[in-house]
Amino acid sequence: YPTHLAPILTPLFSHIPQRLSYTWAPLVVPSSSIQNPKALVTGNCHTAITLLQAKLQGGGPDADDAWWKSYYARGGSFVGDLDDVTNESVVEKARVDLTRAFGDVIQTALALKGEWALVLANQAKEEQALRKNDPSKLTTGPRTRFMEKDNKEPVNADGTPRSKHSKDIEARQWLRIYAMNKFLLYEDKNIAFPLISGVIQCLNYPDQYTCRRITRICHRVIETTVSEPAYTPLLMQLFTSCVKSLVMEPKWMVGVEWDIIALVRDLYCRMVLGQVLLSGGQGPGVPLEEKSPGVFEQTKMVGDFLKGGGILCVKSDLPQRLLAELPGVGCETVLRLERIMKEKRAVKDQKDALRDMLRVAAEQVKLSEEAAKKFNNTNNSNDNNALLGRAFEEESLLNQNTRILDVPSLPEKLVTNSQMMKQAERNKNAATAADTLALGHVFS
(Lines give C-alpha, C1' and ligand atoms only; values in the text may rest on other atoms or scores of the structure.)
Protein backbone atom coordinates (compact mmCIF):
# COMPACT_ATOMS: atom_id res chain seq x y z
CA TYR A 1 0.00 0.00 0.00
CA PRO A 2 2.66 2.64 0.84
CA THR A 3 4.55 2.04 -2.42
CA HIS A 4 1.65 1.60 -4.83
CA LEU A 5 -1.33 3.46 -3.36
CA ALA A 6 0.30 6.42 -1.61
CA PRO A 7 1.39 8.23 -4.84
CA ILE A 8 -2.23 8.05 -6.08
CA LEU A 9 -4.15 8.70 -2.86
CA THR A 10 -2.02 11.58 -1.53
CA PRO A 11 -3.00 14.11 -4.26
CA LEU A 12 -6.53 12.69 -4.44
CA PHE A 13 -7.34 13.12 -0.74
CA SER A 14 -5.57 16.48 -0.68
CA HIS A 15 -8.00 17.63 -3.39
CA ILE A 16 -11.19 16.08 -1.89
CA PRO A 17 -11.79 18.70 0.89
CA GLN A 18 -11.47 21.56 -1.60
CA ARG A 19 -13.75 19.83 -4.10
CA LEU A 20 -16.43 19.18 -1.49
CA SER A 21 -16.16 22.73 -0.16
CA TYR A 22 -16.57 24.36 -3.59
CA THR A 23 -19.41 22.00 -4.52
CA TRP A 24 -21.52 22.69 -1.41
CA ALA A 25 -20.55 26.34 -0.81
CA PRO A 26 -23.49 27.86 -2.74
CA LEU A 27 -25.89 25.97 -0.48
CA VAL A 28 -24.26 26.08 2.97
CA VAL A 29 -22.21 29.30 2.86
CA PRO A 30 -24.47 32.38 2.80
CA SER A 31 -21.60 34.67 1.78
CA SER A 32 -20.58 32.51 -1.17
CA SER A 33 -19.84 34.42 -4.36
CA ILE A 34 -21.94 31.92 -6.32
CA GLN A 35 -25.62 31.60 -5.43
CA ASN A 36 -28.14 29.23 -7.04
CA PRO A 37 -25.65 27.71 -9.50
CA LYS A 38 -27.00 26.22 -12.71
CA ALA A 39 -25.44 24.02 -15.34
CA LEU A 40 -24.15 25.67 -18.49
CA VAL A 41 -26.67 26.05 -21.30
CA THR A 42 -26.21 26.97 -24.92
CA GLY A 43 -26.86 30.65 -24.29
CA ASN A 44 -24.37 31.30 -21.48
CA CYS A 45 -21.30 29.26 -22.42
CA HIS A 46 -19.38 32.51 -22.91
CA THR A 47 -19.29 33.09 -19.14
CA ALA A 48 -17.32 29.89 -18.59
CA ILE A 49 -15.05 30.74 -21.52
CA THR A 50 -14.30 34.15 -20.00
CA LEU A 51 -13.32 32.60 -16.65
CA LEU A 52 -11.21 29.96 -18.36
CA GLN A 53 -9.35 32.52 -20.47
CA ALA A 54 -8.56 34.58 -17.38
CA LYS A 55 -7.20 31.43 -15.70
CA LEU A 56 -5.09 30.36 -18.71
CA GLN A 57 -3.70 33.86 -19.27
CA GLY A 58 -2.17 33.94 -15.78
CA GLY A 59 -4.77 36.00 -14.01
CA GLY A 60 -3.32 35.01 -10.65
CA PRO A 61 -4.73 32.94 -7.76
CA ASP A 62 -8.02 34.84 -7.79
CA ALA A 63 -8.73 33.96 -11.43
CA ASP A 64 -7.73 30.36 -10.87
CA ASP A 65 -9.94 30.15 -7.77
CA ALA A 66 -12.91 31.77 -9.54
CA TRP A 67 -12.75 29.20 -12.34
CA TRP A 68 -12.70 26.19 -10.02
CA LYS A 69 -15.46 27.59 -7.79
CA SER A 70 -17.69 28.12 -10.80
CA TYR A 71 -16.85 24.75 -12.32
CA TYR A 72 -17.44 22.68 -9.17
CA ALA A 73 -20.50 24.67 -8.07
CA ARG A 74 -22.36 23.57 -11.21
CA GLY A 75 -20.89 20.05 -11.08
CA GLY A 76 -19.02 20.58 -14.34
CA SER A 77 -22.27 19.96 -16.22
CA PHE A 78 -23.66 21.22 -19.53
CA VAL A 79 -27.35 20.63 -20.34
CA GLY A 80 -27.76 22.29 -23.72
CA ASP A 81 -31.25 23.76 -24.05
CA LEU A 82 -33.01 21.90 -21.23
CA ASP A 83 -35.50 23.75 -19.05
CA ASP A 84 -34.56 25.44 -15.75
CA VAL A 85 -36.16 22.76 -13.54
CA THR A 86 -34.15 19.98 -15.17
CA ASN A 87 -31.07 22.19 -15.05
CA GLU A 88 -31.31 22.61 -11.28
CA SER A 89 -32.05 18.91 -10.82
CA VAL A 90 -28.88 17.96 -12.69
CA VAL A 91 -26.72 20.22 -10.52
CA GLU A 92 -28.38 18.99 -7.31
CA LYS A 93 -27.92 15.34 -8.27
CA ALA A 94 -24.27 15.90 -9.17
CA ARG A 95 -23.68 17.55 -5.79
CA VAL A 96 -25.37 14.81 -3.77
CA ASP A 97 -23.94 11.92 -5.78
CA LEU A 98 -20.39 13.20 -5.30
CA THR A 99 -20.73 13.23 -1.52
CA ARG A 100 -22.49 9.88 -1.36
CA ALA A 101 -19.91 8.24 -3.63
CA PHE A 102 -17.10 9.56 -1.41
CA GLY A 103 -18.78 8.12 1.68
CA ASP A 104 -19.45 4.76 0.01
CA VAL A 105 -15.85 4.41 -1.19
CA ILE A 106 -14.44 5.11 2.27
CA GLN A 107 -16.95 2.73 3.87
CA THR A 108 -15.89 -0.05 1.48
CA ALA A 109 -12.18 0.59 2.12
CA LEU A 110 -12.69 0.46 5.91
CA ALA A 111 -14.80 -2.74 5.76
CA LEU A 112 -18.00 -0.96 6.77
CA LYS A 113 -19.73 -1.99 3.56
CA GLY A 114 -19.38 -4.58 0.83
CA GLU A 115 -17.47 -7.86 0.70
CA TRP A 116 -15.05 -7.03 3.50
CA ALA A 117 -17.92 -6.07 5.80
CA LEU A 118 -19.36 -9.56 5.21
CA VAL A 119 -16.07 -11.05 6.45
CA LEU A 120 -16.45 -9.16 9.74
CA ALA A 121 -20.11 -10.16 10.00
CA ASN A 122 -19.17 -13.83 9.52
CA GLN A 123 -16.61 -13.59 12.29
CA ALA A 124 -19.15 -12.02 14.65
CA LYS A 125 -21.57 -14.81 13.79
CA GLU A 126 -18.98 -17.49 14.57
CA GLU A 127 -18.11 -15.84 17.88
CA GLN A 128 -21.79 -15.71 18.82
CA ALA A 129 -22.24 -19.41 17.99
CA LEU A 130 -19.17 -20.30 20.07
CA ARG A 131 -20.25 -18.14 22.99
CA LYS A 132 -23.76 -19.62 23.08
CA ASN A 133 -22.54 -23.13 22.22
CA ASP A 134 -25.07 -23.26 19.38
CA PRO A 135 -23.61 -24.67 16.11
CA SER A 136 -26.98 -24.24 14.40
CA LYS A 137 -26.29 -20.52 14.06
CA LEU A 138 -23.61 -21.33 11.49
CA THR A 139 -26.17 -22.95 9.18
CA THR A 140 -28.90 -20.33 9.45
CA GLY A 141 -29.11 -16.98 7.76
CA PRO A 142 -30.80 -13.78 8.90
CA ARG A 143 -34.38 -14.03 10.11
CA THR A 144 -35.65 -11.87 7.28
CA ARG A 145 -34.38 -14.32 4.66
CA PHE A 146 -36.20 -17.54 3.71
CA MET A 147 -34.02 -20.54 4.43
CA GLU A 148 -34.66 -24.24 3.88
CA LYS A 149 -35.31 -26.06 7.14
CA ASP A 150 -33.19 -29.06 6.17
CA ASN A 151 -30.15 -26.93 5.28
CA LYS A 152 -27.07 -28.45 6.93
CA GLU A 153 -24.38 -26.53 5.07
CA PRO A 154 -22.74 -23.42 6.59
CA VAL A 155 -23.94 -20.08 5.25
CA ASN A 156 -22.66 -16.52 5.39
CA ALA A 157 -24.17 -13.87 7.62
CA ASP A 158 -26.30 -12.69 4.68
CA GLY A 159 -27.65 -16.21 4.04
CA THR A 160 -25.54 -17.03 0.95
CA PRO A 161 -23.80 -20.44 0.93
CA ARG A 162 -20.17 -20.75 1.98
CA SER A 163 -17.63 -22.64 -0.08
CA LYS A 164 -15.07 -25.03 1.35
CA HIS A 165 -12.33 -22.43 0.77
CA SER A 166 -14.17 -19.55 2.42
CA LYS A 167 -12.12 -19.85 5.61
CA ASP A 168 -8.79 -19.42 3.79
CA ILE A 169 -10.08 -16.56 1.63
CA GLU A 170 -11.44 -14.71 4.65
CA ALA A 171 -8.13 -15.13 6.49
CA ARG A 172 -6.35 -13.23 3.70
CA GLN A 173 -9.12 -10.64 3.53
CA TRP A 174 -8.84 -10.20 7.30
CA LEU A 175 -5.18 -9.20 6.96
CA ARG A 176 -6.02 -6.77 4.17
CA ILE A 177 -8.76 -5.15 6.27
CA TYR A 178 -6.35 -4.38 9.10
CA ALA A 179 -3.58 -3.26 6.74
CA MET A 180 -5.87 -0.94 4.75
CA ASN A 181 -7.42 0.58 7.87
CA LYS A 182 -4.00 1.26 9.38
CA PHE A 183 -2.63 2.61 6.11
CA LEU A 184 -5.49 5.05 5.43
CA LEU A 185 -5.97 6.40 8.94
CA TYR A 186 -2.66 6.03 10.76
CA GLU A 187 0.52 5.30 8.82
CA ASP A 188 0.72 8.18 6.33
CA LYS A 189 -0.32 11.57 7.73
CA ASN A 190 -0.37 13.04 4.20
CA ILE A 191 -3.26 10.70 3.45
CA ALA A 192 -4.94 10.43 6.86
CA PHE A 193 -5.25 14.13 7.69
CA PRO A 194 -6.96 15.32 4.46
CA LEU A 195 -9.09 12.16 4.41
CA ILE A 196 -10.37 12.78 7.94
CA SER A 197 -10.90 16.49 7.15
CA GLY A 198 -13.07 15.56 4.17
CA VAL A 199 -15.07 13.13 6.30
CA ILE A 200 -15.69 15.81 8.95
CA GLN A 201 -16.84 18.27 6.25
CA CYS A 202 -19.49 15.81 5.07
CA LEU A 203 -21.19 15.91 8.48
CA ASN A 204 -22.19 19.53 7.80
CA TYR A 205 -23.77 18.99 4.37
CA PRO A 206 -27.60 18.73 4.29
CA ASP A 207 -27.94 15.13 3.14
CA GLN A 208 -29.16 12.57 5.68
CA TYR A 209 -28.04 9.60 3.58
CA THR A 210 -24.46 10.83 3.65
CA CYS A 211 -24.57 11.97 7.28
CA ARG A 212 -25.72 8.59 8.62
CA ARG A 213 -22.95 6.75 6.80
CA ILE A 214 -20.29 9.29 7.64
CA THR A 215 -21.03 8.79 11.36
CA ARG A 216 -20.00 5.13 10.99
CA ILE A 217 -16.74 6.21 9.37
CA CYS A 218 -16.17 8.72 12.19
CA HIS A 219 -16.49 6.00 14.82
CA ARG A 220 -13.81 4.00 12.99
CA VAL A 221 -11.61 7.09 12.81
CA ILE A 222 -11.99 7.65 16.57
CA GLU A 223 -11.21 4.03 17.47
CA THR A 224 -8.08 4.02 15.31
CA THR A 225 -6.56 7.45 15.98
CA VAL A 226 -7.70 8.72 19.40
CA SER A 227 -4.72 7.15 21.19
CA GLU A 228 -2.29 9.29 19.14
CA PRO A 229 -2.01 12.89 20.49
CA ALA A 230 -1.17 14.20 17.01
CA TYR A 231 -4.77 13.52 15.98
CA THR A 232 -6.31 15.47 18.88
CA PRO A 233 -6.76 18.73 16.86
CA LEU A 234 -8.56 16.82 14.10
CA LEU A 235 -10.78 14.99 16.59
CA MET A 236 -11.59 18.32 18.22
CA GLN A 237 -12.75 19.58 14.80
CA LEU A 238 -15.06 16.57 14.70
CA PHE A 239 -16.27 17.23 18.25
CA THR A 240 -16.89 20.92 17.47
CA SER A 241 -18.78 20.09 14.29
CA CYS A 242 -21.05 17.60 16.10
CA VAL A 243 -21.80 19.96 19.01
CA LYS A 244 -22.51 22.85 16.63
CA SER A 245 -24.95 20.75 14.62
CA LEU A 246 -26.81 19.64 17.75
CA VAL A 247 -27.03 23.14 19.21
CA MET A 248 -28.08 24.83 15.95
CA GLU A 249 -30.68 22.09 15.23
CA PRO A 250 -30.83 22.36 11.43
CA LYS A 251 -34.08 21.06 9.96
CA TRP A 252 -32.35 18.62 7.62
CA MET A 253 -30.77 16.80 10.58
CA VAL A 254 -34.08 15.82 12.20
CA GLY A 255 -33.87 12.06 12.74
CA VAL A 256 -30.06 11.87 12.77
CA GLU A 257 -29.50 13.51 16.17
CA TRP A 258 -28.95 10.26 18.07
CA ASP A 259 -26.16 9.29 15.66
CA ILE A 260 -24.45 12.65 16.26
CA ILE A 261 -24.89 12.39 20.04
CA ALA A 262 -23.28 8.92 19.85
CA LEU A 263 -20.22 10.54 18.23
CA VAL A 264 -20.07 13.20 20.96
CA ARG A 265 -20.29 10.47 23.61
CA ASP A 266 -17.59 8.36 21.92
CA LEU A 267 -15.18 11.30 21.80
CA TYR A 268 -15.94 12.55 25.31
CA CYS A 269 -15.55 9.11 26.91
CA ARG A 270 -12.22 8.40 25.21
CA MET A 271 -10.67 11.88 25.42
CA VAL A 272 -11.88 13.05 28.85
CA LEU A 273 -13.28 10.26 31.01
CA GLY A 274 -10.80 7.47 30.24
CA GLN A 275 -13.60 5.10 29.25
CA VAL A 276 -13.38 2.68 26.33
CA LEU A 277 -16.42 1.60 24.29
CA LEU A 278 -17.15 -1.23 21.92
CA SER A 279 -16.65 -0.84 18.19
CA GLY A 280 -19.01 1.70 16.64
CA GLY A 281 -19.50 3.57 19.93
CA GLN A 282 -21.67 0.75 21.29
CA GLY A 283 -21.91 -0.64 24.81
CA PRO A 284 -21.37 0.93 28.22
CA GLY A 285 -18.28 2.99 28.99
CA VAL A 286 -15.66 0.77 30.64
CA PRO A 287 -13.39 2.85 32.92
CA LEU A 288 -9.66 2.21 32.78
CA GLU A 289 -7.27 2.53 35.68
CA GLU A 290 -6.16 6.07 36.46
CA LYS A 291 -2.44 5.95 37.23
CA SER A 292 -2.38 9.61 38.30
CA PRO A 293 -4.82 12.52 38.03
CA GLY A 294 -5.66 12.90 34.35
CA VAL A 295 -3.44 9.98 33.20
CA PHE A 296 -5.08 6.65 32.33
CA GLU A 297 -3.82 3.15 31.60
CA GLN A 298 -4.05 2.31 27.91
CA THR A 299 -6.35 -0.54 26.93
CA LYS A 300 -4.87 -3.77 25.59
CA MET A 301 -7.06 -3.47 22.50
CA VAL A 302 -5.53 -0.17 21.40
CA GLY A 303 -4.35 -1.68 18.12
CA ASP A 304 -7.57 -3.58 17.40
CA PHE A 305 -10.27 -1.22 16.20
CA LEU A 306 -12.77 -4.07 15.88
CA LYS A 307 -12.63 -4.65 19.64
CA GLY A 308 -13.04 -1.04 20.67
CA GLY A 309 -9.67 0.59 19.97
CA GLY A 310 -7.92 2.78 22.51
CA ILE A 311 -8.28 6.00 24.47
CA LEU A 312 -6.30 9.20 24.94
CA CYS A 313 -4.06 8.31 27.88
CA VAL A 314 -3.48 11.93 28.96
CA LYS A 315 -6.85 13.56 29.53
CA SER A 316 -7.67 16.47 27.22
CA ASP A 317 -9.59 19.45 28.60
CA LEU A 318 -10.45 20.82 25.14
CA PRO A 319 -13.89 19.13 24.96
CA GLN A 320 -14.73 20.43 28.44
CA ARG A 321 -13.68 23.97 27.49
CA LEU A 322 -15.81 23.89 24.37
CA LEU A 323 -18.90 22.71 26.28
CA ALA A 324 -18.32 25.25 29.06
CA GLU A 325 -18.26 28.09 26.51
CA LEU A 326 -21.70 27.17 25.17
CA PRO A 327 -24.45 29.69 26.05
CA GLY A 328 -26.14 28.85 29.32
CA VAL A 329 -23.83 25.95 30.22
CA GLY A 330 -20.75 27.00 32.23
CA CYS A 331 -18.12 25.06 34.16
CA GLU A 332 -20.43 23.75 36.90
CA THR A 333 -22.74 22.14 34.36
CA VAL A 334 -19.79 20.45 32.61
CA LEU A 335 -18.43 19.12 35.92
CA ARG A 336 -21.89 17.81 36.79
CA LEU A 337 -22.05 16.12 33.38
CA GLU A 338 -18.69 14.45 34.05
CA ARG A 339 -19.89 13.11 37.42
CA ILE A 340 -23.07 11.72 35.88
CA MET A 341 -21.22 10.00 33.03
CA LYS A 342 -18.79 8.41 35.48
CA GLU A 343 -21.55 7.17 37.78
CA LYS A 344 -23.93 6.06 35.03
CA ARG A 345 -22.02 4.38 32.25
CA ALA A 346 -24.91 2.85 30.29
CA VAL A 347 -25.41 4.06 26.72
CA LYS A 348 -28.86 5.53 27.34
CA ASP A 349 -27.89 7.30 30.57
CA GLN A 350 -24.83 8.97 29.05
CA LYS A 351 -26.67 10.02 25.89
CA ASP A 352 -29.53 11.46 27.93
CA ALA A 353 -27.08 13.44 30.07
CA LEU A 354 -25.46 14.93 26.95
CA ARG A 355 -28.84 15.71 25.41
CA ASP A 356 -30.09 17.51 28.52
CA MET A 357 -27.01 19.70 28.63
CA LEU A 358 -27.10 20.51 24.91
CA ARG A 359 -30.80 21.38 25.13
CA VAL A 360 -29.94 24.25 27.49
CA ALA A 361 -27.42 25.63 25.00
CA ALA A 362 -29.83 25.18 22.06
CA GLU A 363 -32.58 27.11 23.88
CA GLN A 364 -30.21 29.96 24.69
CA VAL A 365 -29.03 30.17 21.07
CA LYS A 366 -32.63 30.15 19.85
CA LEU A 367 -33.55 33.00 22.22
CA SER A 368 -30.54 34.99 20.99
CA GLU A 369 -31.59 34.50 17.38
CA GLU A 370 -35.15 35.63 18.11
CA ALA A 371 -33.88 38.69 19.97
CA ALA A 372 -31.60 39.59 17.06
CA LYS A 373 -34.52 39.33 14.62
CA LYS A 374 -36.65 41.64 16.76
CA PHE A 375 -33.79 44.11 17.15
CA ASN A 376 -33.19 44.19 13.39
CA ASN A 377 -36.94 44.20 12.63
CA THR A 378 -36.56 41.17 10.38
CA ASN A 379 -39.20 38.52 9.93
CA ASN A 380 -38.22 36.09 7.21
CA SER A 381 -41.03 33.60 6.81
CA ASN A 382 -38.73 31.21 4.92
CA ASP A 383 -36.34 30.67 7.84
CA ASN A 384 -38.41 27.91 9.42
CA ASN A 385 -39.15 26.22 6.10
CA ALA A 386 -35.64 26.28 4.66
CA LEU A 387 -33.52 23.17 4.59
CA LEU A 388 -30.88 24.84 6.73
CA GLY A 389 -33.34 26.58 9.05
CA ARG A 390 -33.82 25.63 12.69
CA ALA A 391 -36.09 22.67 13.38
CA PHE A 392 -39.39 23.30 15.14
CA GLU A 393 -39.67 22.37 18.80
CA GLU A 394 -41.99 19.49 17.85
CA GLU A 395 -39.26 18.05 15.58
CA SER A 396 -36.27 18.60 17.87
CA LEU A 397 -34.79 15.59 19.64
CA LEU A 398 -33.35 17.80 22.38
CA ASN A 399 -36.89 18.74 23.46
CA GLN A 400 -38.25 15.23 23.23
CA ASN A 401 -38.81 14.77 26.97
CA THR A 402 -40.20 18.27 27.50
CA ARG A 403 -43.07 18.01 25.02
CA ILE A 404 -46.63 17.47 26.26
CA LEU A 405 -48.82 15.42 23.98
CA ASP A 406 -52.11 17.13 23.18
CA VAL A 407 -54.76 14.58 22.19
CA PRO A 408 -58.00 16.40 21.32
CA SER A 409 -61.28 14.90 22.49
CA LEU A 410 -63.49 13.19 19.94
CA PRO A 411 -66.48 15.34 18.90
CA GLU A 412 -69.88 14.22 20.12
CA LYS A 413 -71.26 14.53 16.60
CA LEU A 414 -69.58 12.52 13.86
CA VAL A 415 -67.95 14.73 11.23
CA THR A 416 -66.80 12.99 8.07
CA ASN A 417 -63.95 14.07 5.84
CA SER A 418 -66.34 15.01 3.01
CA GLN A 419 -68.28 17.29 5.38
CA MET A 420 -65.05 19.00 6.43
CA MET A 421 -64.05 19.54 2.79
CA LYS A 422 -67.48 20.99 1.94
CA GLN A 423 -67.29 23.35 4.92
CA ALA A 424 -63.81 24.49 3.89
CA GLU A 425 -65.08 25.15 0.37
CA ARG A 426 -67.99 27.21 1.73
CA ASN A 427 -65.63 29.24 3.93
CA LYS A 428 -63.37 29.87 0.94
CA ASN A 429 -66.24 31.05 -1.22
CA ALA A 430 -67.51 33.33 1.56
CA ALA A 431 -64.03 34.86 1.98
CA THR A 432 -63.73 35.41 -1.79
CA ALA A 433 -67.12 37.13 -1.87
CA ALA A 434 -66.17 39.38 1.03
CA ASP A 435 -62.92 40.39 -0.69
CA THR A 436 -64.83 41.19 -3.89
CA LEU A 437 -67.26 43.44 -2.04
CA ALA A 438 -64.47 45.17 -0.12
CA LEU A 439 -62.46 45.91 -3.26
CA GLY A 440 -65.41 46.52 -5.59
CA HIS A 441 -64.99 50.31 -5.58
CA VAL A 442 -61.34 49.99 -6.63
CA PHE A 443 -62.14 48.39 -9.98
CA SER A 444 -65.42 50.23 -10.69
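So, Gln350 sits in helix 13, residues 347–375, where helices are DSSP runs of H or I with at least four residues, numbered from the N terminus. Keep in mind that this is a predicted model, with local features needing pLDDT of at least 70, side-chain atom pairs counted only at pLDDT 80 or more, and totals for chains, interfaces and linings using all residues. Numbering runs from 1 along each chain as its sequence is written, and side-chain values use heavy atoms, with hydrogens and water left out.

Back to Gln350: buried or exposed? Buried, at 0% relative accessibility; the cut-offs are under 20% relative accessible area for buried, over 50% for exposed, and partly exposed in between, with a 1.4 Å probe and protein chains only. Its side chain reaches the backbone oxygen of Met341 at 2.9 Å. Setting aside neighbours within four places in sequence, Gln350 is in contact, meaning heavy atoms within 4.5 Å, with Arg265, Cys269, Gln275, Met341, Lys344 and Arg345.

Next, cysteines. A disulfide here is a pair of cysteine sulfur atoms within 2.5 Å, and by that rule we get zero. Take Cys218: its closest cysteine sulfur is in Cys242, 6.4 Å away, so that is too far for a bond. Both are buried, Cys218 at a relative accessible area of 2% and Cys242 at 1%.

On to the backbone. Most residues other than glycine have a negative phi. Ala111 isn't a glycine, yet its phi is positive, about 60°. You'll find Ala111 in the loop between helix 4 (84–109) and helix 5, and it is buried at 4% relative accessibility. Glu249 is another non-glycine with a positive phi, about 50°. That one is in the loop between helix 9 (232–248) and helix 10 (257–273), buried with a relative accessible area of 9%.

Last, the second largest pocket, with a volume of about 550 Å³. Of the 21 lining residues, Leu120, Ala124, Arg220, Ser279 and Leu306 are the closest to the centre. Which helix gives the most to that lining? Helix 5, with six residues. The lining splits into 10 nonpolar, five polar and six charged residues, counting Asp, Glu, Lys and Arg as charged, Ala, Val, Leu, Ile, Met, Phe, Trp, Tyr, Cys and Pro as nonpolar, and the others, Gly among them, as polar.

Technical notes: 1 Å grid on protein atoms, 1.4 Å probe; cavity = no way out; pocket = protein on both sides within 12 Å on 5 of 7 lines; lining within 4 Å. Points joined across faces, edges and corners; volume = space filled by probe spheres on them. Helix = DSSP H or I, 4+ residues; strand = E, 2+ residues; numbered from the N terminus. Polar contact = N/O pair within 3.5 Å; in protein donor to acceptor, adjacent residues only side chain to side chain.
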